[in-house]
Amino acid sequence: MNTYNSAIRAGEELTSNKVSYDVSLPNIPAQDFLITEFGAVGDGVTDNTEVFRLAIAACSEAGGGRIVIPAGVWLTGPIILRSRIELHVQAGALVTFSRDFDQYPLIASTFEGWQAVRCQSPIDGDQLEDIAITGEGVWDGNGEAWRPVKRSKLTASQWKALVSSGGVIEHTSNEEEIWWPSQAALEGNAVANRMHVEQVRDLTAYEGIRDFLRPNMVSLRRCKRVLLDGPTFQNSPAWNLHPWASEHVTIRNVSVRNPWFSQNGDGLDIESCRYVLVENSVFDVGDDAICMKSGKDAEGRELGLPSEYVTIRGCTVYHGHGGFVIGSEMSGGVRHVRVSDCTFIGTDIGLRFKSARGRGGVVEDIEIERIYMKDIIMEAISFSFFYANQEGSARGSDIAHEVTEETPVFRDIRIKDVVCSGADTALLVSGLPEMPLDGLVIEGYRVSAQKGVQCSHAKHVRIADLQLTVAEGSLIELHQCKGAELEGIEGTGADGRLLRITGHDTTGIVCRGEIADTEGRQISIGPNVRSGALIRQ
């Protein structure tokens, strides 16, 4: 049972509310169906697509059970799950999915927060109950057959080898920029975007760009009681694991791997799901590692399915654009999330919150504790609400826009007991002028970074028990912030400043305890800051 006290917002007030939930496991009959008994051949050459279909059908007709995949190399097309079915890959089993795009029929699915037509996923399930994928074996999506590759991601020799393997090259200003597996894949982006705008839903209209419509590797839509326990999932065509609009999802003891340069190579995208537990798993991927989503822009708001009641604990992330991420597709909302006891090593960003104008949606009641990070390339902790499909965290401006349903809201986020050894920036907050980040608490943060805390357009911020070592700039910079408490701050900026305050609207900056202009720890107040904005207590 997962139980915790949450600060739930009631109007403008926060009230304590005890939230408890239990993530239910699937109920699957204890009977086995060995795929070799249906004629499967594990030589890596024989196509076992029909064998998997027959085994799953027989298991389903018998009331459900476990499909056992023994040691071997098993080539197959997409596997379509049924309710009360467990796929069990034993140690030594490698299931590799076909590189023949024609084996993946076009279906109505979702991608990057929108309803979309895509090729069927290698492991696919829709509106199922009681399903599982277990064992110590490996699932390989053969994603290199599908994915575009940017030249900037490869060495000269790697690029030369890739180009000589076939495919076509997209040029920009007469320079080779992106490798695509086919001409249809290269041209598919513009066609798919046009048909999305025109709301074309006829599957046959997309046949000509099938090569572009690469699937997520494991797609489970509108399912209940899901368990992924033990296997390695690797080399996905797009995202790796994608539960969507599902309930009672348990993911534990899995390894999720993609090449570091894999386009859209996310590890786990939990989208519009409720009652989720992710634990004791390892991620080494080409995009965001563990990510929370809930639909994109107007479509996501209209669907209105938040991701909620999610617990993530005991996970390790190596390469990834972000270790733990919320957004940018969060238009249906994300709330009641607990993350603890995770380690991020060498990720681009550690804790990453991202959105943009147009998304709308509310992210609230997020609690993160005991996170350990090393060699973070960009920001250890980042809140950026100017996301524009780019790597890293975009900075915004002071120009406010009108607040509408398209304005994203982030509030009531608590982060404590974090250690980071090496990052470019300790903390970045780049909030919207019209909708600042509201209610950020960071306590017990030990960090060494090139740059310190850079916070703009936030309110009701508390930073306490901070030990920070920086190589450049001030320790803490607050710009256009309303209401910030600083207490127990240790360290001195490279420029000699503990704190730098700027912005005409900055007010209510409270420095408590020993924070003062003593021992060379200066506080700098910009010329446009109103009198009385800084309060020493």
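1. Start with the lining of the largest cavity: Ser 109, Thr 110, Phe 111, Arg 118, Cys 119, Ser 121, Arg 214, Pro 215, Asn 216, Ser 219 and His 242. Strand S10 (106-111) and strand S11 (114-119) are the elements giving two or more residues to this lining. A cavity here is a set of points on a 1 Å grid over the protein atoms alone where a 1.4 Å probe fits but cannot get out, and lining residues have an atom within 4 Å of a point.

2. A word on the source: this is a predicted model, where local features need pLDDT of at least 70, side-chain atom pairs count only at pLDDT 80 or more, and totals for chains, interfaces and linings use all residues. Residues are numbered from 1 along each chain as its sequence is written, and side-chain values use heavy atoms, with hydrogens and water left out.

3. Back to that largest cavity, which holds about 50 Å³ of space. S10 supplies the largest share of its lining, 3 residues.

4. The second largest cavity has a volume of about 40 Å³. Among its lining residues are Thr 110, Trp 114, Trp 244, Glu 271 and Leu 303. S11 and helix H4 (297-303) each give two or more residues, and H4 has the largest share, with 3 residues.

5. Now Ile 312: leaving aside neighbours within four places in sequence, Ile 312 is in contact (heavy atoms within 4.5 Å) with Val 278, Ile 290, Met 292, Phe 324, Arg 338, Val 339, Ser 340 and Cys 342.

Notes. On a 1 Å grid over the protein atoms alone, a cavity is a set of points where a 1.4 Å probe fits but cannot get out, and a pocket is an open set with protein on both sides within 12 Å along at least five of seven lines; lining residues have an atom within 4 Å of a point. Grid points are joined across faces, edges and corners, and a volume is the space filled by probe spheres set on the points. Helices (H or I, at least four residues) and strands (E, at least two) are DSSP runs, numbered from the N terminus.
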